[in-house]
Each structure stands twice: as structure tokens, then as C-alpha cells.
Amino acid sequence: MNAIHHAVGESILEPVISYAGCGALLLDSPEGEFNSALQRHIWSVARDLERDVDVKGVVMGVNNLLVMFDPLMSSAGSMERRLRQRWIDPKHDTLSSSCVEIPVVYGGAAGEDLTMLAQAAELSIADWVTLQSEAVYEVACIGSMPGFAYLTGLPAKLTHPRRSTPRNRLDKGSVIIGASQAGVMPCTAPSGWHVVGRTDVEMFNVLLTQPCLLKPGDTVRFVAREVLA
């Protein structure tokens, strides 16, 4: 499998492309683990494709990209060839990004998994919160539900498998971790991630010009306002 080599020495493998219905193609990573260089490459490819009049929409995922097109105007074969060319040589725009601070009340009824996670990491609750809140996170993509940002950058010591049985309800504003990622619930919904605290920050507001607080490429810092027993 061929690879693209960037100036910084990173190597990006060609994607696996599969059909997603008659009007969409999915570009997926051949690698099993998350790759931040690949995610940045996907941002560039997506921004390039958004300018293509034959592309009806793009949806970024974690190390994958869904590209939608009109099958009456473009054949899947021609679109696949176009995507492979764009993958090799996208126009690398500089993403405009922001750093967003999210105040959090850790523990208590709104962070019921914190004690278990601290014990699993062999840390005190205070040390767990310090390590989690000192990290700088990056928005890989928005997905799963409107306004939900998949955040990479969780310290390796704090990673923990997702729940074997998801909760039927996790409140809006819940600060959560799942495996090696972190996130904030933009609405009340089921989730298999672990909850460590709560924030009042609005992650999604349909009435705003930009409904999502975060976008791919933004960085996030969690700020501990209080730690409850």
C-alpha cells in the first residue's frame, strides 16, 4: 500500500474506500489506532472537497471521511478516482482554530465514575483531576450527536475502556471519557462513556449562526472549578 510522506516526516497510508449506498463513498484508515497526522490530513481533504461542485457533502469522522455525491451526475468509479487524487494532493488550508476553556465541577452525583477511574489509574481523586485538567485536547471531529466533539489528548494513564453496558440516560453537560478520548454531552442522551463531572457550557445551540461551540482543530482545556467527594 502506498504512503504519502509529509515535510515533517509523517507517513499517511492510502485510504480504504468503500461504498456507502449509491451516492456516497467512505474513506477509512487502514490503521487500527487513532493517528493525529491522518486526522489533520482528513481535515485538508474535506476542506478541499467542500469546494467541489460535484460533492454534495462531507462528514468527517475519527480517521475516516464520508463523501456524498449525486449518482445521476457522477459515477461512483469516477468519484473514487477523484477522491484518490485529492487524497494524494489536497490543498492544505490552515485551519482557523480557537482554544476553549470548559469549567468543570468534578465528582459528586454528576461525576459518579470519578472514584472508580481514579482507583483504576492508581491515583488519588485530586491527582486524577489535575492530570485530566492539565492536558490540552484537540477536536478530531464532530459526530454521534449534534455538537458532540471527539477530543483527543487524554493522558495515557487515564484511559479506560468504555462501559460494557451503556447508560440509558446521561445528562446534558456531562464531562465524559471513553477509552482514549474525552467529550462533553451536548444534550441528554444514552452513552457508554464514563462520567467524571459536569459543566454549564452550552456545546450546541441551534439558534446561533454557528450552532456548535467547537469545530475540528480547536483545542480544549478543562478547568476544575470544584471537586466533590
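Mentor: Buried means under 20% relative accessible area, exposed means over 50%, and partly exposed lies in between (1.4 Å probe, protein chains only). This is a predicted model: local features need pLDDT of at least 70, side-chain atom pairs count only at pLDDT 80 or more, and totals for chains, interfaces and linings use all residues. Residues are numbered from 1 along each chain as its sequence is written, and side-chain values use heavy atoms, with hydrogens and water left out.

Trainee: Is His194 buried or exposed?

Mentor: His194 is found in strand E14 (residues 194–198). Strands (E, at least two residues) and helices (H or I, at least four) are DSSP runs, numbered from the N terminus. The relative accessible area of His194 is 5%, so this residue is buried.

Trainee: How far apart in space are His194 and Glu112, C-alpha to C-alpha?

Mentor: Contacts of His194 include Asp113, Met116 and Leu117, with neighbours within four places in sequence left aside. Contact means heavy atoms within 4.5 Å. Glu112 is 82 residues from His194 in sequence, yet their C-alpha distance is 8.4 Å.

Trainee: What is the C-alpha to C-alpha distance between Pro161 and Leu208?

Mentor: Along the sequence, Pro161 and Leu208 are 47 residues apart. In space, their C-alpha separation is 35 Å.

Trainee: At what angle do the axes of helix H1 and helix H2 cross?

Mentor: H1 covers residues 36–49 and H2 covers residues 76–88. Axes are lines fitted to C-alpha atoms, for helices over the stretch in contact, and angles run from 0 to 180 degrees between N-to-C directions. The two axes come within 9 Å and cross at roughly 125°.

Trainee: Which residues in H2 does H1 meet?

Mentor: H1 brings Leu38, His41, Ile42, Val45, Asp48 and Leu49 to the contact. The contact residues divide into six nonpolar, one polar and two charged. Ala, Val, Leu, Ile, Met, Phe, Trp, Tyr, Cys and Pro count as nonpolar, Asp, Glu, Lys and Arg as charged, and the others, Gly among them, as polar. On the H2 side stand Leu83, Arg86 and Trp87.

Trainee: What separates the C-alpha atoms of Leu13 and Leu38?

Mentor: Leu13 lies in strand E2 (residues 11–13). At 27% relative accessibility, Leu13 is partly exposed. Leu13 and Leu38 are 25 residues apart along the chain, and the gap between their C-alpha atoms is 8.4 Å.

Trainee: Which residues in the largest nonpolar core touch the most other members?

Mentor: A nonpolar core is a set of buried Ala, Val, Leu, Ile, Met, Phe, Trp, Tyr and Cys residues joined through side-chain atoms within 4.5 Å. The largest core has 26 residues. The most other members are touched by Trp128, Leu151 and Phe222.

Trainee: Which element gives the most residues to this core?

Mentor: Elements that give two or more residues include strand E7 (99–107), helix H3 (114–120) and helix H4 (125–134). With four residues, the top contributor is E7.

Trainee: What is the relative accessible area of Gln181?

Mentor: Gln181 lies in strand E12. Leu151 is one of its contacts, alongside others including Val62, Arg162 and Trp193. Gln181 is buried because its relative accessible area is 9%.

Trainee: What phi does Asn63 have?

Mentor: Most residues other than glycine have a negative phi. Asn63 sits in the loop between strand E5 (55–61) and strand E6 (64–69). Asn63 is buried, at 5% relative accessible area. Although not a glycine, Asn63 has a positive phi of about 60°.

Trainee: Is Glu122 buried or exposed?

Mentor: Glu122 is found in the loop between H3 and H4. Glu122 also has a positive phi of about 60°. Its relative accessibility is 71%, so Glu122 counts as exposed.
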